[in-house]
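Thanks for making the time this morning.

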Amino acid sequence: MMHRRLFLQHASCGLLSLTSVSEAIGQTANVHVFYDPAMLRHEPSSDHPESPRRLDAVMTSVRTLERQGRLSVTAPRPATEDDILLAHTPDYLKTVRSEIAAGRRQLSTGDTELSPGSFAAALAAAGTVVSAVDAVMSGRTRTAFCAVRPPGHHASQRRGMGFCVFNNIAIGARYARKRHGVDRILIADWDVHHGNGTQEIFWSDGTVLFFDSHQHPWYPGTGSPDEKGEGKGSGLIINNPFPAGAGRKEILGAFREGLVPAAERFKPQLVMISAGFDSRAGDPLGRFTLNDRDFAELTGIVLDIARQHASGRVVSVLEGGYALEGLPLAVTSHLTRLEHSW
Ligand SMILES: [Zn+2]
């Protein structure tokens with residue numbers, strides 16, 4: 001029997017309570033969820049699909065699992081400006097800060113609404129991934145899920161768009177390289193939309209294998225199989241566009257037949273997931289048909305890769321998912337599979 005220690009940190013009350021318990025369990029179920037309530041301060045207009053209610057719904061399910069002793073919730077630190085600059089230009093950071101301070105309701109670079117709390121929320125979201133990377137790379141946990149918003153994968157070096165301000169997962173990947181010396185990172189993106197920002201940031205990078213399944217034609221319009229990266233990144237961008245109505249057969253097929261052999265060649269030392277659940281059947285912003293069991297299977301495929309090459313290290317980052325009833329169900333399925341990660 002293995003033992004695990006649960007560290008419970010509660011940020012929302014402003015106090016830090018640290019509880020350590022040991023419990024005998026059959027497996028090293030070991031998943032930490034990273035969450036900062038500052039992310040609720042990003043408040044688009046009331047009818048906007050990317051609403052604080054998304055995280056409230058996710059965290060209601062997470063707290064249920066926490067009470068059952070199946071995961072722990074950890075308070076992250078906010079990102080520093082140096083963290084943001086790992087994936088974005090100084091000019092873009094300046095634009096974001098000044099437009100939010102000026103009270104603009106829309107980012108000038110793209111379709112991302114803003115509110116007075118958006119800068120703190122965006123720093124919290126990026127910092128959540130950075131904190132999760134630290135926890136996984138130091139061995140404090142094997143797998144981490146970042147319950148974050150605003151989402152990130154549409155944000156490029158110079159441009160926020162598609163509800164995204166900073167590219168949370170890209171910042172986390174660059175931080176893993178800088179702070180922990182990780183040379184090869186897999187980012188698997190199953191959001192229904194193409195992760196154009198992540199693709200652009202790592203286009204010629206060479207340290208990231210980016211594998212993306214997405215609906216096409218659909219927003220943002222990029223993600224052709226011809227887009228493969230350049231220079232040191234040549235061949236490290238792998239796009240899998242599918243038409244509306246695609247689901248289990250196409251997407252799990254791409255992960256099994258495309259991602260698994262690519263990862264076998266690349267041998268990632270850290271595995272990250274752009275976990276968008278707008279590819280779930282019934283999502284208002286997508287037309288894919290994945291169900292909660294499919295998300296568990298996708299998680300299992302990625303976990304197998306992590307076990308094979310990366311000592312089981314997985315940092316999963318929430319992207320889209322706009323059905324307030326479906327999103328927490330998909331997240332629960334994902335977390336339940338991560339829980340049995342070894
Ligand atoms: Zn999406």
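Which handedness does the β-α-β unit made by β3, α1 and β4 have? The unit that these three elements make is right-handed, where right-handed means that, with the strands pointing away from the viewer, the path from the first strand over the helix to the second runs clockwise. Before I go on, please keep in mind that this is a predicted model, in which local features need pLDDT of at least 70 and side-chain atom pairs count only at pLDDT 80 or more, while totals for chains, interfaces and linings use all residues. Residues are numbered from 1 along each chain as its sequence is written, and side-chain values use heavy atoms, with hydrogens and water left out. Helices (H or I, at least four residues) and strands (E, at least two) are DSSP runs, numbered from the N terminus.

Let me stay with β3. This strand pairs with β4, residues 72-74, in the parallel sense over three bridges, and with β5, also in the parallel sense, over four bridges; two strands pair if DSSP finds at least two bridges between them. On the β4 side, His32 stands opposite Ser72, and on the β5 side, Val31 stands opposite Thr143. Val31 and Val33 point one way from β3, whereas His32 and Phe34 point the other way, and all are buried, that is, under 20% relative accessible area, with exposed being over 50% and partly exposed in between, using a 1.4 Å probe and protein chains only.

Next comes helix α9, residues 326-339. Its 14 residues reach 20 Å from the first C-alpha to the last, close to the 20 Å expected at 1.5 Å a residue, the expected span being 1.5 Å times one less than the number of residues.

Finally, the aromatic residues. The structure holds eight aromatic pairs, counted for rings of Phe, Tyr and Trp (its six-membered ring) whose centres lie within 6.5 Å, with planes under 30 degrees apart called stacked, over 60 edge-to-face and the rest tilted. The rings of Phe119 and Phe166 have centres 6.3 Å apart and planes at 75 degrees, so this pair is edge-to-face, and both residues are buried.
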